[in-house]
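Please read the points below with the model open beside them.

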Amino acid sequence: MKKDELLNYQPVLTKLFSSSKKKERLANAYLLFGEENAPLKETALALAKMINCKEDDIFCDKCISCSKYDNLSASDFLLIDGKKEIIKKEQIKRLEDFFSMSALEKNHHPIYIINNVENITAEAINSLLKFLEEGKNEVIALLTANNREKVLKTILSRCVKVTVNPLPYNIFESSLLNQEITIKDNRIIFDRQLIKTLYPFYSCRETLLSDLSEDESFFKAYELYPYLLSSLAVSIDNFTFFILREIQLNSDNKCYNWLFLLLRNSFVKILYKEIDEDAFSSELSKIKSRGYNIENALREINRILSLSRINPSITLNFLKVADKLKGD
């Protein structure tokens, strides 16, 4: 995250950390939380850089310390990313071992980031809680969460809680419009429709490009999604038939997780927002007119997505959503 992005779009957070840094009154643990598209990991990395930069109240982007954080090579820094995989007890044990053996740099705070800390096993939570309670005074924890409600209350009570804002849509769009990436020989161009579809999940260009260039699951879902909406606009039976046929052809769980996310956003739009003009607006208007029980189906999708992992029976999950649409 650039310095001007931190200053312009996270002013409260920046002021808090800058003031605490000057007064040498930084807390031992912070929880950064925000909407699904808030740049949590990027903000945490910027704050880690800020805490240990001695040349600027924010960060200078020139000193050795800043360079090390940019390269994720600081000797007393560790990142665990719960967005990519469930956080297990072994990872927390490695965290404990790492800081027990790390050599401390003079006038320097050892820092660890746990991104999406809500995606953690029960055994790992207990180990993390113990580490937070017994951690060295100079070690600073930067935890992040999209779903604050899923973070254990005992962990919440040990953290200073700070909100992270999504970057504005116009900044996100201008950073991506007409850019290209290649995934497995497929050339993807970011047009306005694609960017608008992605914004509920991302507002930081760098993270989006990193995630999507490694995995084509989103683009599989994005290609299927108009057909899924068209089937639902006709009838629930058509929707069910479409899903059953596609699952036989494609067993990519991540693709169906994306389909659930896209469907959730469309249902939220139908229920609580105006259906804006885009490639999906016609189908959404038809779905709205069908009188389906969208509210019940949305609750079921949220229940499915709240699980640590999508139920291996993708078919069963979609059939449950179809039943909820009927009002059953």
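1. Two strands are taken to pair if DSSP finds at least two bridges between them, and strands (E, at least two residues) and helices (H or I, at least four) are DSSP runs numbered from the N terminus. This is a predicted model, in which local features need pLDDT of at least 70 and side-chain atom pairs count only at pLDDT 80 or more, while totals for chains, interfaces and linings use all residues. Residues are numbered from 1 along each chain as its sequence is written, and side-chain values use heavy atoms, with hydrogens and water left out.

2. An open sheet is formed by 5 strands in the order β2-β3-β4-β1-β5, with parallel pairing. At its edges stand β2 (77-81) and β5 (160-163), each with a single partner strand, so one side of each has no neighbour in the sheet. Direction ignored, neighbouring strands are turned by 15° against each other on average, where angles between N-to-C directions run from 0 to 180 degrees and axes are lines fitted to C-alpha atoms, for helices over the stretch in contact.

3. Strand β3 (residues 111-115) is joined to the parallel strand β4 (residues 140-145) by 4 bridges, with Ile113 opposite Leu142 and Ile111 partnered by Ile140. On the β2 side, β3 pairs in the parallel sense over 5 bridges, and there Leu79 stands opposite Ile113.

4. Of the 5 residues of β3, 5 are buried, that is, under 20% relative accessible area, as against exposed at over 50% and partly exposed in between (1.4 Å probe, protein chains only). Ile111, Ile113 and Asn115 point one way from β3, and Tyr112 and Ile114 point the other way.

5. Where do helices α13 (residues 253-272) and α15 (residues 294-306) stand relative to each other? They pack at an angle of about 145°, with axes 10 Å apart, and their crossing is left-handed, meaning that the near helix is turned anticlockwise from the far one by less than a right angle (clockwise would be right-handed).

6. The largest nonpolar core has 55 residues, with Phe267 and Leu325 having the most contacts inside it; such a core is a set of buried Ala, Val, Leu, Ile, Met, Phe, Trp, Tyr and Cys residues joined through side-chain atoms within 4.5 Å. Beyond its neighbours within four places in sequence, Phe267 is in contact (heavy atoms within 4.5 Å) with Leu232, Ile294, Ala297, Leu298, Ile301 and Leu325. Apart from this core lies another, of 29 residues, including Ile113 and Val162.
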